[in-house]
Amino acid sequence: MGEAGKLRVCIDARILSGTLGGVEQFVIGLAHGLSQLRDGDEEYLLLALPGEDDWLKPYVGGACRLLHGTGATRRPAWARGLNVPPLARAVARRILSPVVDRRAADELSLPHSDGTAERAGARLMHFPTQGAFLTELPSIYHPWDLQHLHLPQFFTPEAIRARERSYRAYCERASMVAVASAWHARDVARHYGLPEGKVRVVPAAPVLSAYAPPTEGDLRAAREKFLLPENFIFYPAQTWAHKNHLALLDALAHLRDREGLRVPLVSSGKLNDFYPRIEGRARELGLADQVRFLGFVSTAELQSLYRLCRLVVFPTKFEGFGMPLMEAFLAGAPVASSNVTSLPEQAGDAALLFDPDDAGEIASAVSRLWTDDALRGALARRGRARVSLFTYERTARLFRAHYRRLAARELSEEDRALLAAPPPA
């Protein structure tokens, strides 16, 4: 196939580094995986914000290249020359909604393509973040989680309405809705009433495999920089309320007060608006000298923390796909994890599971792993075996097969096999 016949896929990478946690890691992993593919005739355009692409540049090569632009405008092309007051838009939505397709009533409130991808020759859009824009190109959309429906207490009514409006519109417009677990596939299809076959499982993988492994110098530097204790548990997560740091702190106080077991906690991830609540709870429980919140860390530091910790704890209340599980498995760290949503499916037999709403259960799981050398070793071995099923080479090849399928391109035997294979179990 010649240059003119190349399939160009535009992948939305308009991310400010450090703000989207696991989603940013997924985009890095996907770019890295697609950059390694040498046997196709596709071109991948990574749409990045001007001046905000340093986080992505090291992983872009081969058939991938950066495309700069905002990618979207707040008004559709047909309305950009019109002066439509906000009140008129609201009235129009109210009048139109019962009469015509609901999507038309929302068109003025959702972002639309500004033509950047189309002018670059893209034939397909891939939106790997929950943000997107409306386009006439066929698209793949990732609704990473429907947490706002399962845990509405963590959202304002306005945020819930905004999520529902955008997620539903993007899922309906998309040619394919991509999710990373079978549990999430069922959840999305059921809630949005999507037709069979539209929601496809494409497992994510630990992006740490795209990074150079930490050296002994990296390990020493991390221990010195963060003043790490000899042994500690590690929790990598932004301080969102659903990440459940509060229950983890209660569990640590439980271990100290009832078992006389002092377990230091180190947590990485952006410190957002909920962090003062967490910091206050740590002071109330007398744990201020036992816990350490590092904020956003570099990739070398993150890898070092996984390797230096005694175990990883993951007490989250909701995950469409738990990236820290895969990263811990890859690093050889034993894991104690929440037993909700997609996590049992991901963990298999490679993690010790607990109820995240029961601080006593969290404490028991942490205590078992902290004190049982044989159990830690067994789970570390199972984790390595488990994570071998999840690689970004496979993820990239599976997405390429879907790109070809959606663009009506000829499929290879490998494409057909990948599309027919069930997700790793």
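Helix α7 is followed by Gly193, whose phi is positive, near 60°. This is a predicted model, in which local features need pLDDT of at least 70 and side-chain atom pairs count only at pLDDT 80 or more, while totals for chains, interfaces and linings use all residues. Residues are numbered from 1 along each chain as its sequence is written, and side-chain values use heavy atoms, with hydrogens and water left out. Helices (H or I, at least four residues) and strands (E, at least two) are DSSP runs, numbered from the N terminus.

Within α7 (residues 182-192), the residues His184, Ala185, Asp187, Val188 and Tyr192 are buried, where buried means under 20% relative accessible area with a 1.4 Å probe and protein chains only. They cover an arc of only 165° around the axis, which puts them on the same side of α7; the arc is that of the directions from the helix axis to the C-beta atoms. Their cover includes α5 (147-150), α6 (157-173), β8 (176-179) and β9 (199-201), with contact meaning heavy atoms within 4.5 Å.

| Strand pair | Sense | Bridges | Facing residues |
|---|---|---|---|
| β7 (residues 139-141) and β8 | parallel | two | Tyr141 and Val177 |
| β8 and β9 | parallel | three | Val177 and Val199 |

From β8 the chain crosses through α7 to β9, and this β-α-β crossover is right-handed, meaning that, with the strands pointing away from the viewer, the path from the first strand over the helix to the second runs clockwise. In β8, Met176 and Ala178 point one way and Val177 and Val179 the other way, and all are buried. In a regular strand the side chains alternate between the two faces of the sheet.

The largest nonpolar core has 105 residues, and those with the most contacts inside it are Leu34, Ile233, Phe234, Leu305, Phe399 and Tyr403; such a core is a set of buried Ala, Val, Leu, Ile, Met, Phe, Trp, Tyr and Cys residues joined through side-chain atoms within 4.5 Å. Helix α9 (residues 245-259) gives the most to this core, with eight residues. Apart from this core lies another, of 29 residues, among them Ala117, Ala120, Val179 and Val199.

Asp12, in strand β1 (residues 7-12), is buried, with a relative accessible area of 2%.

Key: Buried means under 20% relative accessible area, exposed over 50%, partly exposed in between (1.4 Å probe, protein chains only). Two strands pair if DSSP finds at least two bridges between them.
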